[in-house]
Structure formats: C-alpha cells, structure tokens
Amino acid sequence: MARGLSDTEVADFRERLCETAARLFVERGPGAFNMRELASRLGVSAMTPYRYFKDKNEILAVVRARAFRRFADLLEGALATLGSQSDKSAAIGRAYVKFALAEQTNYRLMFDLTQPGSMTIPELELEEKRARSLMRGHFHGLIEMGVLDGDADMIAMIFWAALHGVIVLHLGGKLATANFDHQLAETMRVIANAYRPLKITAPSETPAPHERPTIS
C-alpha cells in the first residue's frame, strides 16, 4: 500500500480487507486463517494488513461487529413498520431471513464463531447487544399486549433458536429449497401457538391440561 492515502482510500481498503477476511474465516475457520493468505488475496504485501489491524482476532471482531450493526439496523427498520403488532412481527421475520440469505458469510460469522474470552471489543459488544435487545424487546411487547404468554426472554430465545435452525439447515442444503418458506412459516406458527394465552372456556368446554389454542 502506498503512503499518503486519503481517508476515503483507507476506508475503502479496510472494507475490502474485511469482506475478504470474512470469506476466509468461513472457508478456513479461525484456526487455519492466516494474515499471509489474506494479504495474498488482497494483492498486497504480507505486512500490509498489520497497518490496519493488530491481528486476525481483531479483524474477526471488526467483521462481526459490522455484520451485527447491519443486522440490528434491519431489525430497527422492521420495528418502525407502520401497522399492527402482527405486521411488525412479520416485518421482523422478513428482515431476519433477508439478512441471513443475503449475507450468508457474515451470518455464519455472527452466530457460529465467538471471540477469545480474553478479548474485549467494545464495538462488537455494543452491536451484538443491540441486536439481541431488539429481538427481546419485541417479545416483551407481545407479552404486554397479551398476544403471547410466558417469560419474554425465554420465548425470544426459543423463537430465535427455531428460526436460526431452519435457516442453517436451508443454507446447508438439508431442506427442500422449494418448501423453505412453508417450512419456516410452519415452524413459527407452531411455536407461536405454544405460547398463546390459554382461552377461558365454560366448564363443559374445558380443554385438556396444557392445551393451547391454534391460530385461526
């Protein structure tokens, strides 16, 4: 890299470096990732990446922080959707799936990898916390409105685990591609029904213990 680069040129190179590094982390895994191969793919000297980042762990942290920021921005946009709570829920679901499918490399880095325990990266912690808080906050709202019933944090975790599971299976080619939308919708429907408030019925209509109504 030549000296005396403009701020724009530096920002552009950092962006290209992070995108290339993200692909390498997924291809090789953190253990096999090395700065020399990164530099080779960028077409620069082996020492150039060290002018921008301390080591590969710092690069991974920055890459994941950028991904979480874009992810959180999409969730925020979905929550700002006009309409009913049902409309907002649908928008959040679409935003989540859109990000996972459009940014598959970053999605895997966000949720499949973790940083060394000794590392503290404020930017990564902030963006990851923001994304998770947006998801939890939405479910707290659903419970306050009486749409769902139960512990909000637990419900948010169950929904996220199910959604993540279906997406990962899809990205891994384990599900029939043509049925992905139906499989995803059915998974969310079943879980939503499990947390619907119990209906109060007349004695003669008392449901079996723990029975939950289905979506009409």
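**Aromatic rings at a glance**

There are 10 aromatic pairs here, counting rings of Phe, Tyr and Trp (its six-membered ring) whose centres lie within 6.5 Å; planes under 30 degrees apart are stacked, over 60 edge-to-face and the rest tilted. This is a predicted model, where local features need pLDDT of at least 70 and side-chain atom pairs count only at pLDDT 80 or more, while totals for chains, interfaces and linings use all residues. Residues are numbered from 1 along each chain as its sequence is written, and side-chain values use heavy atoms, leaving out hydrogens and water.

**Phe-71 and Tyr-96**

- These two rings are edge-to-face, because their centres are 5.3 Å apart and their planes stand at 80°.
- Phe-71 sits in helix H3 (residues 56–79) and Tyr-96 in helix H4 (residues 85–102), 25 residues apart; helices are DSSP runs (H or I, at least four residues) numbered from the N terminus.
- Both Phe-71 and Tyr-96 are buried (under 20% relative accessible area; exposed is over 50%, partly exposed in between, with a 1.4 Å probe and protein chains only).

**Phe-111 and Trp-160**

- This pair is tilted, with 5.3 Å centre to centre and 55° between the planes.
- Phe-111 belongs to helix H5 (residues 104–112) and Trp-160 to helix H7 (residues 152–171), so the pair ties together parts 49 residues apart in sequence.
- Phe-111 is buried, at 16% relative accessible area, whereas Trp-160 is partly exposed, at 22%.

**The wider setting**

- One aromatic cluster is formed by Phe-68, Phe-71, Tyr-96, Phe-99, Tyr-107, Phe-111 and Trp-160.
- Arg-132 lies over the face of Trp-160, 5.2 Å from the ring centre (NZ of Lys or CZ of Arg must be within 6 Å of the ring centre and within 35 degrees of the ring normal).

Notes. Helices (H or I, at least four residues) and strands (E, at least two) are DSSP runs, numbered from the N terminus.
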